[in-house]
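Subject: Structure handover

Hello,

I am passing a structure on to you. Please look through it first; my notes on what was found follow below.

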Amino acid sequence: MDTDGWGIYDITVMSDNRLLVTVNGMKKVMLMDSQTGGTVAQLTLQDYPFTVCMWDNNTAVVTLDGQKVQFISINGDSLKMGKSFSVNGDVCGVGRSGDRLIVMYLSAPWLEVLSMDGRVMHTFSNKAAGRDVFKDPYFITTSTDNMVYVSDADTSTITQLDMNLCVTRTYSDAILQAPCEIISVSTDQVLVCSQANHRILLLCLSTGVITSILEQQDGIKTPRALTYSPSQRKLYVVSDGGAGTIQVFQ
């Protein structure tokens, strides 16, 4: 990808042949053809974009620097800005569960469950958890059974929470080093970018076992973001700290 020297921050599968990519330093979201690797459309945003998730087949949600959540409409091969709303902190991660958004901040309050129009429904409290759960979180994912997972690069942990934002379990292992993006691929499996040791890991949620499925010899280098297409059985990985290349693994 031509990212003009700026790195890819996040990536998500929109359809079998389309990917949506955020390029932070360019203030852009790009629609990519996953078959050819070409740029189909791009949209310049008002501020620097961070993470992205799909709201439905034709709508994406992007977090922006400046404490904003931006909806983006996808119509064929075109992108258009939809509604946006302000949030309560330095938002980064975003996930969707039903008709709710879960946003993750880089400092307290850390997590909030929001309605589609930005109304706060639940807020995470470190005090209620009785310990400092998060130190350096950036990415979040949600599963089909309405659980929330947050990776923390500083503590090298993955934290599981319910939709009331109560901590239910914490996962850690020596192989898990500075985790970045995580994606739920089933109710019992999460894929993780382990940035510090150049690996893509598979976490089994029921057992807590973490295994390496891709490593440096496979071309993985400081992976930042990833996404998975179940219908294609393809894994898309942004390595090298977000450099303008997307690796595709079958």
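Contact, as used in these notes, means heavy atoms within 4.5 Å. On that basis, residues 24 or more positions apart account for 38% of the contacts in the protein chain with a separation of 6 or more.

Two points on how to read the values. This is a predicted model, in which local features need pLDDT of at least 70 and side-chain atom pairs count only at pLDDT 80 or more, while totals for chains, interfaces and linings use all residues. Residues are numbered from 1 along each chain as its sequence is written, and side-chain values use heavy atoms, with hydrogens and water left out.

Overall

The C-alpha trace spans about 45 × 45 × 30 Å along its principal axes. Of the 250 residues, 52% count as buried (buried is under 20% relative accessible area, exposed is over 50%, and partly exposed is in between, with a 1.4 Å probe and protein chains only).

Strands and sheet

Strands β3 (residues 28-33) and β4 (residues 39-44) run antiparallel and are joined by five bridges; two strands pair if DSSP finds at least two bridges between them. The two form a hairpin with five residues between them, and G37 in the turn has a positive phi of about 80 degrees. Across this pair, M30 stands opposite Q42 in β4.

K28 also lies in strand β3. K28 is buried, with a relative accessible area of 18%. Leaving aside neighbours within four places in sequence, K28 is in contact with V21, T22, V23, Q42, L43, T44 and P49. The C-alpha atoms of K28 and L43 are separated by 5.5 Å, with the two residues 15 apart along the chain.

Further along, four strands form an open sheet in the order β13-β14-β15-β16, with antiparallel pairing. Its edge strands are β13 (137-142) and β16 (167-171), each of which pairs on one side only. From one strand to the next, the twist averages 20 degrees (axes are lines fitted to C-alpha atoms, for helices over the stretch in contact, and angles run from 0 to 180 degrees between N-to-C directions). Between β13 and strand β14 (residues 148-152) there are five bridges, in the antiparallel sense. T141 stands opposite Y149 in β14.

Cores

A nonpolar core is a set of buried Ala, Val, Leu, Ile, Met, Phe, Trp, Tyr and Cys residues joined through side-chain atoms within 4.5 Å. The largest has 29 residues, and those with the most contacts inside it are L111, F124, F134, V150, I200, L226 and L235. Elements giving two or more residues to this core include β10 (100-105), β11 (111-115), β13 and β14. Another core lies apart from it, with 15 residues, among them L45, V52, A60 and V62.

Single residues

T227 is in strand β21 (residues 225-229). T227 is buried, with a relative accessible area of 6%. A polar atom of the T227 side chain lies 3.2 Å from the backbone nitrogen of V13.

N197 sits in the loop between β18 (189-194) and β19 (199-204). N197 is buried too, with a relative accessible area of 16%. The side chains of N197 and S194 are joined by a polar contact of 2.6 Å (a pair of N or O atoms within 3.5 Å; within protein, one must be able to donate a hydrogen and the other to accept it, and residues adjacent in sequence count only if both atoms are side-chain atoms). Not counting residues up to four places away in sequence, N197 touches I175 and Q177.

M81 is in strand β8 (residues 78-86). M81 is partly exposed, with a relative accessible area of 34%.

Regards
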